[in-house]
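Please examine the sequence and the three-dimensional structure shown below. The paragraphs that follow lead through them step by step.

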Amino acid sequence: MKRIIFLPWLVLTAVLLTVSGCAGNRMYAWGNYDETLYAHYKNPQDQGKNLENLKVLLTEAETTGGGKVPPGLYAEYGMALYEAGQTDEAVKYFGKEKEKWPESAVIMDKMIRNARQQKEIQKNRTTQETGPAPEPGGQKQ
Amino acid sequence: MNRKPVAVFVSILAFLAVSGCATATKKDFTAFKSEDPRSILVIPVVNKTVEVNAADYFLSTLSIPIAERGYYVFPVDVVKHLLEDDGLADSAMVHSSDTMKLCNLFGADSVLYVSIERWDSQYLILTTQVTVAFDYTIKGCKTGDILWNHKQNMVYSPQNQGGGGGIGTLVAMVVSAAMTKAAPNYMPLSRQANDMAFKYPDGPGFPAGPYSPDYLKDPTTSR
């Protein structure tokens with residue numbers, strides 16, 4: 001008899017312990033950020049997929065996540081845009097990271113510089129009209 | 001209603017609650033507090049084992065728990081690219097390069113070095129058991145000194161969390177072993193190791209950073 005009353009409480013306590021003790025409430029809306037990063041390392045060629053994944057994470061963080069965009073996410077999205085050759089958009093997101101997280105200023109300034117240089121290279125190539133699509137990442141390896 | 005599955009569930013949760021949150025150890029945080037870092041640069045993980053995917057699994061799981069401790073974490077993928085631009089494509093090279101150089105390159109307040117010391121998978125009949133050991137070190141950018149160090153050992157097996165035994169556990173083991181064989185996913189392992197290592201103050205972790213509500217509310221001094 002006693003066990004029947006006792007058991008639900010035990011379950012509830014165990015659930016609370018697990019949730020509060022380990023996961024806790026998160027400060028930021030991460031979504032599956034770590035899985036996205038891992039997928040990108042496993043399959044670095046698929047830049048389109050990475051860009052798409054990061055866009056979903058960012059949109060979710062800004063909307064359903066209540067604007068709790070985690071540190072690094074604007075920058076990672078900017079990086080994916082940069083790799084896709086969308087340099088203007090990339091500069092915008094590097095700027096957002098810097099604005100939200102002043103600690104990132106040194107590397108975001110560097111990335112903004114890189115993106116602008118990349119844009120110049122793209123411009124020069126398109127004026128030549130003939131050559132293949134520009135290699136977005138610049139020199140690789 | 002059959003109460004047996006509930007009992008198994010409870011014991012799994014109880015185990016998770018206890019094991020997921022490691023035991024407390026006293027550490028000296030004088031250097032840590034005097035440097036008072038706002039940001040942590042997570043550099044690529046050095047892998048001293050033969051498990052080729054271990055470093056990627058690990059690197060991708062580090063940002064979340066550190067940011068949740070209240071620090072700015074540099075975007076690891078951007079960091080990877082900038083290091084490559086600087087001729088530091090290999091993680092061992094990054095780890096052996098001058099801490100101050102890394103600090104200046106990124107404008108960081110501190111650097112987190114992680115190396116995977118051990119990753120042994122044992123394929124048993126019903127389960128896969130992985131024995132892992134990780135070494136975490138944070139160095140400060142004001143002095144280059146070690147601010148925090150922790151060696152995390154763990155035996156990971158998604159199945160050994162019951163302890164209650166019985167047919168329910170056995171079924172769970174079979175299902176779980178089949179899943180593990182189909183696609184070994186070490187994301188939970190990496191997350192669990194980090195959770196254990198960064199747990200604070202009831203664990204071996206380090207004090208909260210400026211973005212955390214716990215910042216400067218450090219119980220270690222009053223304890």
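Helix 4 of chain B is followed by Gly87(B), whose phi is positive, near 80°. Here helices (H or I, at least four residues) and strands (E, at least two) are DSSP runs, numbered from the N terminus. This is a predicted model, in which local features need pLDDT of at least 70 and side-chain atom pairs count only at pLDDT 80 or more, while totals for chains, interfaces and linings use all residues. Residues are numbered from 1 along each chain as its sequence is written, and chains are lettered from A and ligands numbered from 1 in the order in which they are written.

Helix 4 of chain B spans residues 76-85, and its buried residues are Val76(B), Asp77(B), Val78(B), Val79(B), Lys80(B) and Leu83(B). A residue is buried if 20 or more other C-beta atoms lie within 10 Å of its own, exposed if 12 or fewer, and partly exposed in between, with C-beta atoms placed from the backbone. In chain B, 38% of the 223 residues count as buried. This chain contains nine helices and six strands.

Several of the strands of chain B pair, which requires that DSSP finds at least two bridges between them. Strand 4 (residues 110-123) of chain B pairs with strand 1 (residues 39-42) of chain B in the parallel sense over two bridges, and Leu41(B) has Val111(B) as its bridge partner in strand 4. Strand 2 (residues 46-47) of chain B also pairs with strand 4 in the parallel sense, over two bridges; there, Ile116(B) is the bridge partner of Asn47(B). Ile116(B) has a bridge partner in strand 5 of chain B as well, namely Phe134(B). Strand 4 and strand 5 (residues 128-140) of chain B run antiparallel and are joined by 13 bridges. These two strands form a hairpin with four residues between them.

Not counting residues up to four places away in sequence, Leu41(B) touches Phe74(B), Val79(B), Leu102(B), Phe106(B), Ala108(B), Ser110(B), Val111(B) and Leu112(B); two residues are in contact if their C-beta atoms, placed from the backbone, lie within 7 Å. A nonpolar core is a set of buried Ala, Val, Leu, Ile, Met, Phe, Trp, Tyr and Cys residues joined through C-beta atoms within 7 Å. The largest such core has 80 residues, and among the members that touch the most others are Leu41(B), Phe106(B) and Phe94(A). Helix 3 (residues 54-68) of chain B supplies the largest share of this core, nine residues.

The axes of helix 5 (residues 87-100) and helix 6 (residues 105-128) of chain A come within 9 Å and cross at roughly 170°, where axes are lines fitted to C-alpha atoms, for helices over the stretch in contact, and angles run from 0 to 180 degrees between N-to-C directions. Helix 5 and helix 6 of chain A are therefore roughly antiparallel to each other, a description used for angles over 145 degrees. Residues of helix 5 that meet helix 6 include Ala90(A), Val91(A) and Phe94(A).

Is Thr64(A) buried or exposed? Thr64(A) lies in the loop between helix 3 (47-62) and helix 4 (73-83) of chain A. Thr64(A) is exposed, because 9 other C-beta atoms lie within 10 Å.

Note on methods
Parallel < 35°, antiparallel > 145°, perpendicular 65-115°, else oblique.
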